[in-house]
Structures are given as C-alpha cells and as structure tokens.
Amino acid sequence: MMNPVAILAAPFAAAALALPATPPVTAADLWREGVHLEWWELSDLLQECTGWTIKPGHCPDDPDEVGHWLIDPAGDPEGDIWPGPDIDDVENYVGWRIDEALDSAES
C-alpha cells in the first residue's frame with residue numbers, strides 16, 4: 001500500500017523542480033529602471049561601459065570632507081573631486097555616457 005503523505009507530496013515536489021531559473025539582476029538592469037545605485041555599483045557600471053571608474057576620497061582643501069573622484073581608464077583623476085557623500089551630481093555627469101554605451105550594446 002502507498003503512503004498517503006507521499007501521494008500528496010509528489011505533485012509539490014515535481015512542481016518545485018520545474019521552476020525556471022531567474023536570471024540575476026545586473027547594475028545595467030537597475031540603471032535602465034531608474035534605480036539609484038550606490039557609488040560602487042555606479043562605478044562598476046561606468047567601468048563596464050566606458051572604462052572610467054568612481055573612487056571615494058577626501059577633498060584636498062578639507063580632509064574632513066568626503067567626495068568622489070572620477071577616474072579615467074589610465075587611473076588618473078579627472079578634474080576636481082565631486083564633493084559630498086552622495087553621487088547624484090556624478091551620476092548626472094556620466095549618465096549619458098552609460099545610456100549611450102548601453103544603447104549601442106543592444107543594437
């Protein structure tokens with residue numbers, strides 16, 4: 001005689017094995033959806049798209065003030081530090097470059 005618990009559990013066990021794998025969400029996916037990225041996520045995406053990166057640091061004039069450097073592919077800082085702990089200004093400055101690279105990658 002068959003175990004009644006096994007009879008009831010069998011359809012659920014089969015259904016659990018048949019679930020499709022969910023692809024991982026990337027920083028590019030989040031960017032396209034307008035999600036605010038942390039500085040390291042934006043830096044990784046920017047590097048993927050352009051070779052540039054973002055690096056946190058301190059303002060040379062005020063060591064207590066934190067900011068972010070925009071670093072070119074050769075490892076050199078671009079211009080002055082972007083002051084402040086948030087990266088909204090940096091994001092606005094480099095956003096079109098990311099959009100352009102993602103659009104060309106889809107073509």
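Trainee: What makes Asp-61, Asp-62, Asp-64, Glu-65 and Asp-80 a negative surface patch?

Mentor: In this predicted model, these five residues form the patch. The term requires over 30% relative accessible area and no salt bridge, with like charges joined within 9 Å; Asp and Glu count as negative, and a salt bridge is a side-chain nitrogen of Lys or Arg within 4 Å of a carboxyl oxygen of Asp or Glu.

Trainee: Why is Asp-64 called exposed?

Mentor: Exposed means over 50% relative accessible area, buried under 20%, and partly exposed in between, with a 1.4 Å probe and protein chains only. Asp-64 has 72%, so Asp-64 is exposed. Asp-64 lies in the loop between strand S1 (53-58) and strand S2 (66-71); strands are DSSP runs (E) of at least two residues, and helices (H or I) of at least four.

Trainee: Why does Leu-46 count as buried?

Mentor: Leu-46 has 1% relative accessibility and therefore counts as buried. Leu-46 belongs to helix H3.

Trainee: What makes a set of residues a nonpolar core?

Mentor: Such a core consists of buried Ala, Val, Leu, Ile, Met, Phe, Trp, Tyr and Cys residues joined through side-chain atoms within 4.5 Å. The largest one here has 13 residues, and Leu-46 is among those with the most contacts inside it. Helices H2 (27-32), H3 (39-50) and H4 (88-106) each supply at least two residues, with the largest share, 4 residues, coming from H4.

Mentor: On conventions, residues are numbered from 1 along each chain as its sequence is written. Local features need pLDDT of at least 70, side-chain atom pairs count only at pLDDT 80 or more, and totals for chains, interfaces and linings use all residues, while side-chain values use heavy atoms, without hydrogens and water.

How values were computed. Patch = residues over 30% accessible without salt bridge, like charges linked within 9 Å, V, L, I, M, F, W, Y side chains within 5 Å. Areas by Shrake-Rupley, 256 points an atom, 1.4 Å probe, with all protein chains shown as cover. Charge placed at Lys NZ, Arg CZ, Asp CG, Glu CD.
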